[in-house]
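Please look over the sequence and the model below before reading on. The paragraphs that follow start with the sheets, go on to the helices and end with the pockets.

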Amino acid sequence: MEGKGLLIILSGPSGVGKGTVREAVMKETDLDLSYSISMTTRPPRPGERDGREYYFVDDKTFNKNIKEGNFLEWCEFVGHRYGTPKDKLEEMRNNGENVFLEIEVTGAAQVLEKVKKDPKVLSIFLMPPSEQALEDRIRSRKYESEEAIKARLDKGIKEMEAASSYDYVVLNDYVDRASREIIHIIKNALKENENSY
């Protein structure tokens, strides 16, 4: 593959199912996608592994990355910080890899601002079928306090207002259907990318 790889940004409200949809999309081997792993100060959840879901770091390491300007974006949410390491993402794209970035809405806004002049960026907003569906998803996780659930839900409802600033809005009514739609969008973007050389 020649040239710089495509950056695919998938965002949406907390609890909408970004991770589940991203996993389904990444299984489409035709797309040859690389996953941009974020850094976080939150502890791993059951089944999560360092360097796979996230780079799990302490506050000191996170602060060092902020100081060195190595985050494309970072934000704090429910007492933990999350960031996208710029060096790793750019290295992948410069190697011609198409990089999939699954990210919270606040972080996506920062990234979209920084990459707005880059023609090889595709942004997709994942929308829940309803506020009730979003609440049900957040509650089904069963590992957060009522306070954290309410914070996620309030934030999620507000975040839906950001949908209009993305290239595409995809409804996550069923994971299979939503992931197929996203795969179709990415395939079309990759074709346009090839034709632009």
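This is a predicted model: local features need pLDDT of at least 70, side-chain atom pairs count only at pLDDT 80 or more; totals for chains, interfaces and linings use all residues.

Residues are numbered from 1 along each chain as its sequence is written, and side-chain values use heavy atoms, with hydrogens and water left out.

With these terms in hand, strand β1 (residues 7–11) and strand β8 (residues 121–127) pair in the parallel sense over five bridges, and within this pairing I9 has S123 of β8 as its bridge partner. Both strands belong to an open sheet of five strands, whose order is β2-β7-β1-β8-β9 and whose pairing is parallel. At the edges stand β2 (33–35) and β9 (168–171), each of which pairs on one side only. On average, neighbouring strands of this sheet are turned by 25° against each other, direction ignored; axes here are lines fitted to C-alpha atoms, for helices over the stretch in contact, and angles run from 0 to 180 degrees between N-to-C directions. Helix α7 (residues 175–195) packs on the sheet and touches β1, β2, β7 (98–102), β8 and β9, its direction making about 155° with that of β9, where contact means heavy atoms within 4.5 Å.

The loop between α1 and β2 holds D32, a residue that has a positive phi of about 50° although it is not a glycine. As background, most residues other than glycine have a negative phi.

A second sheet is also open, with four strands in the order β4-β3-β6-β5 and with mixed pairing. Its edge strands are β4 (54–56) and β5, each pairing on one side only, and the twist averages 25° from one strand to the next. Strand β3 (residues 38–40) pairs with β4 in the parallel sense over three bridges, and M39 stands opposite Y55 in β4. Helix α3 (residues 86–94) lies across β4, β5 and β6, and runs at about 30° to β6.

Two packed helices are described by the angle between their axes and the distance between the axes. For helix α5 (residues 131–140) and helix α6 (residues 146–159), the axes come within 10 Å and cross at roughly 145°. The contact is made by E131, L134, E135, I138 and R139 of α5 together with E146, I149, R152, L153, G156 and I157 of α6. These residues divide into five nonpolar, one polar and five charged, given that Ala, Val, Leu, Ile, Met, Phe, Trp, Tyr, Cys and Pro count as nonpolar, Asp, Glu, Lys and Arg as charged, and the others, Gly among them, as polar.

The last topic is the pockets. On a 1 Å grid over the protein atoms alone, a pocket is an open set of points where a 1.4 Å probe fits, with protein on both sides within 12 Å along at least five of seven lines, and lining residues have an atom within 4 Å of a point. Grid points are joined across faces, edges and corners, and a volume is the space filled by probe spheres set on the points. The largest pocket holds about 740 Å³ of space and is lined by 32 residues, of which G19, R45, Y54, E102 and R141 lie nearest its centre. Two or more lining residues come from each of α1 (18–26), β5 (71–77), β6 (80–85) and α5, and α1 gives the most, with five residues. By class, this lining has 10 nonpolar, nine polar and 13 charged residues.

The second largest pocket holds about 190 Å³ of space. Of its 13 lining residues, L6, P119, V121, A189 and E192 are the closest to its centre.

Methods. Two strands pair if DSSP finds at least two bridges between them.
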